[in-house]
Amino acid sequence: MTSKFRRIPGAARVVLTASASAWLAACATSAPVEKAAAPTQVTPPPAAPAAPAPGQKPTYGSFGVDTAGMDKSVAPGDSFYRFVNGTWLEKTEIPADRSSYGMFTRLAEEASQRTRALIEGAAGANAPEGSEVRKLGDAFASFMDEAAIEAKGVSPLKPELDRIAAISTRSELATALGDTLRADVDALNTGHVTTDRLFGLWVTEDLNEPSRYAPYLLQGGLGLPDRDYYLVDNPRFTEVRQKYQQHIAAMLRLAGLPDADAKAKRIFELEREIARVHWAQVDTQDVAKVNNPWPRDEFAKRAPGLDWNAYFGAAGLGQQREFIVWQPSALTGIAKLVGSQPVQTWKDYLAFHAIARAAPVLPKAFVDESFAFNGKVLSGAQQLRERWKRGVDFTGMALGEAIGKLYVEKYFPPEAKAEADKMVRNIVAAFGQRIDSLAWMSPETKARAKEKLATLQVGIGHPAKWRDYSGLEIVRGDAYGNAERASRFEFQRNLKKLGKPVDRAEWFMVPQLVNALNSPQQNSIIFPAAILQPPFFDPNADPAVNYGGIGSVIGHEIVHSFDDVGAQFDARGKLANWWTKEDAAKFKAAGQALVAQYNAYKPLPDAAVNGELTLGENIADVAGLAIAHDAYRLSLGGKPAPVLEGFSGDQRVFLGFAQVWRNKYREPTLRRVLLTDGHAPGEYRASTVRNHDAWYEAFGVAPGQALYLTPEQRVRIW
């Protein structure tokens, strides 16, 4: 979900972020959630039902599972995913404005509708000037005022384009580049590691000393999702590259800039050179490679080409004495390009990206062109999302926790938090017992693991302390200005952390987000209010189904503290080895077996799951489900589980688990997910049941069936 549910696509270690670049992508298309299909004209499904009040029937079926969506003609041992979801897959079409559709999307649509009602209520409340409620209403109303946006044309953007046009030296270029730096990446919590700006800033706990904040610099500068889009030669990427150049030229023309085609070619070639020095996704996730503290006064020597004094000065980081550089060779390579490529090419590059980022709050022609490429070409969506949905995203980008405060008041009753708290306690206890019973782990490593588990922080529903938006200026009627001020406000909020005590209770998600998160540096897990709904959690459903749904999510997030990344952090959140050499070797061997298992999955004839890229999520899935199943059995208190509609308690746990991974992708989005996302597609996440002995016993899975693994082949981690 999002830290590893850092990234559930739905989840993370996220899905919504407060960055302007993430908001732009959300406005252009839908966030990727989950099997390829390409309908041309579909009717969106009805809105997700609201969670029932206690005492009512479950939202799904008679006990919490949508049995009507199952395909019982499929043997569970041949495809458990289709056994549980086959009829749903056949009958469900991806809405025209979506690039994917699944249970996360369904709940996200409901959360969006709820949020809209809250925002529109704020807009009509006539609240005092400067209050959060007033700001919410004004931000949304400004975005929705299409007539005003059309009347202004490109004029709101003109001052920035004029500043870019005035650049004449490389020092001035560095100043302009530094002024674009934003806090729009988060490598370990939300897993958001891309930015179209030259570099991305992330301010969080120091990997080497978690009692202090550190500024991290990550590679950026690309308009396409990943380096491979520029460098890999295949028909799909060749077509994307051609259409991207056409898109660049179209945006430049809309802004009235001359020689658009020639500039577009130069801009694309510059980005391709940037892509050549970018790190691959697998390397970017390797925390053993990314912990690179650089003294401020060594940047000029280590990464010549960029005037670092001018860059950091413009970014407000002139006094910072040390940074952690996530991908050193990428930063060095990009700096070299700043010093070697023509200044005019960089000016054209800056102008294009300024236009592209502003497109959602510019006239309709810009919006349509942005969607034509980012929505249709890159994601396969057939229809632009309704403006109110984009307005909700816009307002959430600016004032996410202000919305969250209202959301929690109306939609997150204390009873839901209490029940979730109880499940977390049960699952943590089950994991502790599981550590104790591990035959392969030494007592020394077990003791350190138990120490880390004991210090795990759990956040449910919402943060204990809400963010203060009093310093953010929102002007009714100024959509462009509001977007720019919100982006700078978030940037300054992060800069102000430097030199201050670490806030170990900070949240990296908003309550109205359907996701979950693990923060390895905090040793914390977070479950926003919006995910505590059916099919993940239903107070009226059978407990076994809830353990399979939200229980496996809770287990998943706990395990992220002990997966291939989390296991490298100690109980304080410091990057430090706490394993014996022998135990570390056994853990790595089990991980490599899981890598091989997932490498064998091919969602498309020419594209497979990357087992290395998805390893952390796959570890969290296989172990999280095991822990949730253990916790369910513990919850029975030694009593037998009832049989419901012919399904045993163990069967219902696995049904609840597979149900939440229902999803369908359009092919362009599926390809992007396989290339860039740390999560495997839902079908293969559901298939991790094949590693659990209890699943074989529950469904009578036998040799010869497609999912069957011998006991020796089943991967057991934690």
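Axes here are lines fitted to C-alpha atoms, for helices over the stretch in contact, and angles run from 0 to 180 degrees between N-to-C directions. The model is a predicted one.

On the H10 side, the contact is made by Lys263, Arg266, Ile267, Leu270, Glu271 and Ile274. H16 contributes Thr345, Trp346, Asp348, Tyr349, Phe352 and His353. Sorted by class, the contact of H10 with H16 holds six nonpolar, four charged and two polar residues.

Helix H14 spans residues 308–315, and its buried residues include Trp308, Ala310, Tyr311, Phe312 and Ala315. At the start of H14, the backbone nitrogen of Asn309 has a side-chain oxygen of Asp307 within 3.3 Å. Just after this helix comes Gly316, with a positive phi of about 80 degrees.

The sheet is an open one of three strands, ordered E7-E9-E8, with mixed pairing. Strand E7 (457–461) and strand E8 (517–519) are the edge strands, each pairing on one side only. Direction ignored, neighbouring strands of this sheet are turned by 15 degrees against each other on average. E7 pairs with strand E9 (residues 524–528) in the parallel sense, over five bridges. Within E9, Phe527 is the bridge partner of Ile460. Helix H22 (residues 543–560) packs on the sheet and touches E8 and E9. The direction of H22 makes about 150 degrees with that of E9.

Note on methods. Residues are numbered from 1 along each chain as its sequence is written. This is a predicted model: local features need pLDDT of at least 70, side-chain atom pairs count only at pLDDT 80 or more; totals for chains, interfaces and linings use all residues. Side-chain values use heavy atoms; hydrogens and water are left out. Buried means under 20% relative accessible area, exposed over 50%, partly exposed in between (1.4 Å probe, protein chains only). Helices (H or I, at least four residues) and strands (E, at least two) are DSSP runs, numbered from the N terminus. A polar contact is a pair of N or O atoms within 3.5 Å; within protein, one must be able to donate a hydrogen and the other to accept it, and residues adjacent in sequence count only if both atoms are side-chain atoms. Contact means heavy atoms within 4.5 Å. Ala, Val, Leu, Ile, Met, Phe, Trp, Tyr, Cys and Pro count as nonpolar, Asp, Glu, Lys and Arg as charged, and the others, Gly among them, as polar. Two strands pair if DSSP finds at least two bridges between them.
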